[in-house]
Amino acid sequence: MDGDGVPNAQDISPEVASESHDIDGDGIADDGSIVTRTVDIISDQSYLIKPLEIVRFVPVSLANGGSISTASVYQGRISIVDNTLVYAAPLELPQQLYIEYIVTLPDGSTEERLLLLVSDSMVSSDSPRFIDVSPKDIQAVSLFTPIRDLAPEATDVLGNPLPVSLDSNLVRLRPGNNVVYWRSKDSFRNTEQVTGQLIRIFPMVDFGQGLDIYEGTQATVSVHLNGKSPTYPVIVPVVFDSISSTSDENDHLLLAVQNVVINSGREGKLVFDVVADNRVEGAETLTLLLGDNVNKGPKHRQVLTIQETPVKPNVRAQVIDSLGERQSLLPKGSEEPFYLEVVVSDSTIPMELYWSHSYAQGEKAFIGVTMEDELQLLPSSLATGRHRFDVEARPLDTTIDPIISSVDIRVIDITQLSLDADSDNDGIPDQAEGLSDTDGDLIPDYLDAVDSCELQIIDNERAVNGGFVLQSSAGSCVMLGMVSEQVGDYSPYVEGQDVATNTAIPVDDSYTAQFNDSDLSNFVITNVLDESVSIVLPLMTPYSERGVFRKYTEASGWFDFDTSEEGSELRYAKGELGFCPPPGADDYQVEPLMGANCLEVTIKDGGIHDSDGERNGTIDDPAYMVYAERKMTFSPITVSHDYDPLLRLSEHEIEFDVCEYIDLVPCNIELVGFETLLGLPSSINGTDVTVVVPAGESSVEGRVLILVDGMVYQLNTTILLLETFIINPEAVKVDSTGGATNPWLLWLLLVLAGVITLNKMYGPPCYCNYNISNNGVGLR
């Protein structure tokens with residue numbers, strides 16, 4: 001507010017520029033003497049910190065340029081002051097923690113950095129100790145990888161194991177460097193300890209799109225990571241499979257094994273020559289495999305077809321500014337000129353380009369003709385909203401058919417963003433992210449929690465703990481759908497009643513009631529190089545019997561998705577609410593699956609399900625899933641489980657009968673699934689659910705899926721773990737300075753454990769009142 005560059009939330013006087021920082025949180029503007037010491041950051045080593053210290057950390061590497069954009073810390077207060085990090089430590093320090101910060105380099109690129117701080121004070125004599133919190137390296141198993149089983153060990157002061165829970169709540173993480181925080185509680189001594197840990201998740205690797213290569217040309221094969229790598233470079237060996245290929249070394253100059261090196265980002269390319277042998281042999285195949293040591297994704301085998309026909313050029317339209325930088329979001333009223341151009345690959349044939357423009361649902365209007373090396377000036381004074389520019393590239397002096405491409409842009413109103421707000425819940429202030437569009441999906445970065453083009457967040461609120469994203473084939477790009485654009489929402493899921501009110505898409509007359517109550521999915525997929533592209537949709541309502549996937553195009557209106565079209569398909573996977581296997585995974589099946597949380601939709605570019613009806617590398621898709629009207633309603637259920645923390649159990653096996661928690665007589669139900677937000681192991685036997693909950697958790701949220709008369713219902717479920725002291729901890733005297741545990745106490749704990757076991761087998765125990773002292777155990 002006062003222009004001093006300090007977020008209002010951290011500015012002690014938002015209206016007075018001379019009074020900015022309140023690092024220690026005492027309500028008084030800081031002076032120069034508040035910092036207790038200064039430390040130069042010169043490497044990735046750890047740094048010691050004491051409780052209540054205020055330390056200035058100076059990144060020495062920024063002396064030659066670069067600035068700290070944002071910084072965050074789990075506990076304590078972090079401020080950016082004069083391009084340094086000033087950290088005010090709390091009284092109760094974690095065993096170790098990380099400062100996470102982003103640096104913007106002189107070339108405009110950004111780096112994510114970590115600063116490890118280790119408590120210099122001795123852990124309280126009564127506090128738990130974490131044994132090993134060094135970084136852990138694991139391989140990604142999907143877009144989001146579970147980490148609950150990675151919990152470090154913790155003990156009390158005597159070395160007895162203690163339960164550990166995940167304090168930072170993110171139980172599934174994307175590839176890259178992730179900092180998580182664990183908590184251990186010693187209920188006997190009523191003490192707790194927190195620690196940070198770095199978990200490095202190495203991404204899965206897939207081949208990209210593109211199945212045809214041509215004699216006499218250079219072929220390019222793309223390799224994609226499903227997320228950032230914790231370390232670079234990433235070396236991916238690609239193997240030529242001569243056994244399953246019909247081509248040999250005379251047809252190409254590919255070695256038996258060649259490495260693709262990815263120095264940054266998520267994509268690498270393998271380029272090799274395809275030999276023109278001037279013989280008519282027909283199409284031949286070349287099979288490539290990912291090497292044995294690669295963390296392979298679903299598409300780990302690529303079969304290329306060597307064509308003898310002339311290569312068909314690949315044309316991609318884009319919008320650029322005067323510096324040649326690609327643009328997808330244009331500010332309303334900008335006087336800066338913008339241009340249309342095409343990027344042509346696999347061709348040296350000159351082309352004539354015919355450009356047209358459409359706005360919203362309007363008709364195409366011709367705007368000009370250029371040659372491929374010329375720019376087409378974008379029309380001025382474009383209205384706020386979405387614009388599509390189509391180009392028909394006509395190769396000259398050849399029989400090759402015209403190639404169609406298009407590019408979408410959004411003209412947006414300038415919005416004043418705040419350093420105090422974080423609209424997409426990604427930990428970066430809105431103003432720091434700005435109105436740019438890093439991944440080109442037509443969603444401003446401040447509203448977009450993911451920066452990967454083949455992903456799109458469904459709901460920023462629900463996605464805080466991961467999941468709830470659309471995933472498309474590697475190398476393609478999921479852009480904001482036209483329906484969402486018209487409704488004024490960033491999400492690809494829009495309520496049916498909003499669609500009917502705010503867009504030109506009509507109500508589905510065959511299912512009027514279901515349409516208004518449904519979530520309509522809509523998106524635009526670009527960069528479609530193959531005939532078809534696949535996208536995974538998390539289902540907000542589990543699949544039920546006779547569910548119908550309805551599709552809309554302007555030409556055909558609403559109709560049932562037609563899987564008989566070649567290149568179009570629906571597949572189902574169990575998954576979990578908001579978490580789905582990637583496109584192409586073996587988890588999916590063609591047969592509809594009761595209780596499925598995931599739907600893989602494969603659409604043919606230019607086919608009957610593509611709204612624009614053109615083979616142009618772009619697919620439009622409004623659709624929704626129709627279910628029969630549900631006749632029953634069920635209230636959420638709560639399951640309580642009592643346990644004695646003094647037994648020091650590492651986990652709790654909780655069993656409950658769903659029929660005891662619902663009002664349905666007779667209870668003719670079939671359990672089709674149980675899942676928790678923590679991803680805990682569970683099993684189903686009849687109407688009984690058994691779930692294993694790690695000690696240290698106080699509550700678990702999840703849902704039960706039941707099948708009644710062919711319909712799947714979801715029952716939100718809460719499991720409460722309640723501490724119930726059979727032994728009074730105040731009556732137990734233990735020497736915390738060392739020595740052996742009271743043998744009478746050990747005996748009693750064993751007895752109680754046996755009683756609990758007998759209770760499960762034969763009935764409830766005798767609830768007696770025990771009095772424990774160093775002189776023995778008495779029964780009252």
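Helices (H or I, at least four residues) and strands (E, at least two) are DSSP runs numbered from the N terminus.

The model is a predicted one, in which local features need pLDDT of at least 70 and side-chain atom pairs count only at pLDDT 80 or more, whereas totals for chains, interfaces and linings use all residues. Residues are numbered from 1 along each chain as its sequence is written, and side-chain values use heavy atoms, with hydrogens and water left out.

**The disulfides**

By the distance rule, the count comes to 3 disulfides, and when the bonded cysteines of the protein are numbered in sequence order, their pairing reads 1-2, 3-4, 5-6. As background, a disulfide is a covalent bond between the sulfur atoms of two cysteines. The sulfur separations and the S-S torsions are set out below.

| Pair | Sulfur atoms apart | Torsion about the S-S bond |
|---|---|---|
| Cys580 and Cys598 | 2.2 Å | about -95° |
| Cys659 and Cys667 | 2.0 Å | -85° |

Cys453 and Cys477 are both buried, where buried means under 20% relative accessible area, exposed over 50%, and partly exposed in between (1.4 Å probe, protein chains only).

For Cys580 and Cys598, the torsion of about -95° makes the disulfide left-handed. Cys580 lies in the loop between β42 (569–573) and β43 (598–604) and Cys598 in strand β43, so the pair ties together parts that are 18 residues apart in sequence. Cys580 is buried, with a relative accessible area of 9%, and Cys598, at 0% relative accessibility, counts as buried too.

The link of Cys659 and Cys667 is left-handed as well, with -85° about the S-S bond. Here Cys659 counts as partly exposed at 21% relative accessibility, and Cys667 counts as partly exposed at 23%.

**The surroundings of β43**

The strand that holds Cys598 is mostly covered, since 6 of the 7 residues of β43 are buried. Two strands are taken to pair if DSSP finds at least two bridges between them. On this basis β39 (532–538) and β43 pair in the antiparallel sense over 7 bridges, with Ile535 standing opposite Val601 in β43. β42 and β43 likewise pair in the antiparallel sense, over 5 bridges, and in this case Tyr572 stands opposite Leu599 in β43.

**Cis peptide bonds and positive phi**

Most residues other than glycine have a negative phi, and most peptide bonds are trans. Against that background, a cis peptide bond joins Tyr232 and Pro233, with omega about 0°, and Pro233 lies in the loop between β20 (218–225) and β21 (234–240). The peptide bond from Val665 to Pro666 is cis too, with omega near -5°, and Pro666 is placed in the loop between β46 (651–657) and β47.

Asn83, although not a glycine, has a positive phi of about 65°. Asn83 sits in the loop between β5 (77–81) and β6 (84–88), and at 27% relative accessibility it counts as partly exposed. Asn527, again not a glycine, has a positive phi of about 60°. Asn527 is found in the loop between β38 (519–526) and β39, and is partly exposed, with a relative accessible area of 32%.

Definitions and conventions
Disulfide = S-S within 2.5 Å.
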